[in-house]
Amino acid sequence: MFLIVSCSSTKRFPSDESKETVKKKTNLNFASVRVLLDESEATYHITNQSPMYLFNGEDNLAYIETGNLIECITQNDEIKLSIQNKIFIAESFILEPFENENTVSFNGQVYKGKLSLLKIGNSIGIVNHLKLEDYVKGVVTKEMPIGKNYENFESLKAFSICVRTYALNKILEGKLLYDLYDDTRDQVYGGVNAEHNLSNKAVEETDNKILTYNENIASIYYHSTCGGRTEAAHNIFTKKEIPYMNGIEDGISPNCKISPKFEWRESYSADDIISRLKKWSFIKNGKFRLRDVYIASRFSSGRVKEMVFELIDEYSDEIKISIYGNQIRSVIRTANNKRILWSTFFDISLIKNVIKIEGNGFGHGVGLCQYGAISLSRKGWDFNEILEHYFPGIEIK
């Protein structure tokens, strides 16, 4: 079933309109957050798994039945949609749930709210418009382990407040087309598929709560495993000090010891390191020999501030390369080269052309330590105490 609705100025709907075309207007004002789900420069195909309305602005263009294929292509400054041999052209479109349903389903995923199709440069973007609380529910389990029964519950509540605060800061930036990415560029978001009864309960019990400092919305960072001490935000992300993120000692016996990445080891050949330095253009193509590698300085947390590589080129000239802070993780990466290095909290050695790194922690180390929060939850701390521990001086409002 595919129903086309007239958009003439005299009468928007034909006189024999059916129940599928009763909805005449759409309104995105209810939506609190806009999440970019996908972006493609090529032809984009959507197979919807639930009935939807298609809108152009506020005007209802069509009712799209389950299983219809929507083909989207860019056409100059507009988007061209082809659905069941019918063509629609506009600067943007909205896909809205049918009747009293509150989700849209396409390409194997289910999302609350609405979807918009719009031009982002030369690409077509798909943006999910939904309420902030529903967004938080779609993030928590993608970023935190649920645990058994209620053992992690207070940490899930603390984390829900962090997710909400982070998102609200992004919303208030006032970007034109969307507020957040759905991946690690912001917070990993999985829609309805990612929701869990326990994490939803944690979100609902902290409904509308955010972190503030001096009556302002707080800046929020979090990471998997601090390794025993969190890092000051100004050493990684900001130029100014943030009073509530100057780094803390996370327990005499580190709370995050329960993390699978509390301790880790990586091993590289000298050629591995040289190839990675070439990839980042620290050195040009040619023959090099790694003479030494060492840590020149550390932040007060113990994380590496400056790492130095000494090389000899094919003309016997000496080259010294310094890499700083969190960039080290991107340059060196893990030994299998599948991801950035676990953290900068490590020691390094060079023995017979083999570089060994022994480290602690997972992530940049700033703000909330997720595994530390889980450990504190299991020790009986409530979400207020957990947040005050990782963000001293913060207020929950």
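A disulfide is a pair of cysteine sulfur atoms within 2.5 Å. I started my notes there.

**Ground rules.** The model is predicted, so I kept in mind that local features need pLDDT of at least 70, side-chain atom pairs count only at pLDDT 80 or more, and totals for chains, interfaces and linings use all residues. Residues are numbered from 1 along each chain as its sequence is written, and side-chain values use heavy atoms, with hydrogens and water left out.

**Cysteines.** I looked for disulfides and found 0. I then checked burial (buried is under 20% relative accessible area, exposed over 50%, partly exposed in between; 1.4 Å probe, protein chains only). Cys-226 is buried, at 0%. Cys-369 is also at 0% and buried.

**Sheet.** Next I traced an open sheet of 3 strands, ordered β19-β20-β21, with antiparallel pairing. Strands here are DSSP runs of E, at least two residues; helices are runs of H or I, at least four; both are numbered from the N terminus. Two strands pair if DSSP finds at least two bridges between them. Which strands stand at the edges? They are β19 (288-298) and β21 (318-324); each has a single partner, so one side of each lacks a neighbour in the sheet. Neighbouring strands are turned by 20 degrees against each other on average, direction ignored.

I followed β20 (residues 304-313) to β21 and noted 7 antiparallel bridges. Ile-312 has Glu-318 in β21 as its bridge partner.

**Helix.** Helix α4 (residues 270-279) packs on this sheet and touches β19, β20 and β21. Contact means heavy atoms within 4.5 Å. The direction of α4 makes about 75 degrees with that of β19. Axes are lines fitted to C-alpha atoms, for helices over the stretch in contact; angles run from 0 to 180 degrees between N-to-C directions.
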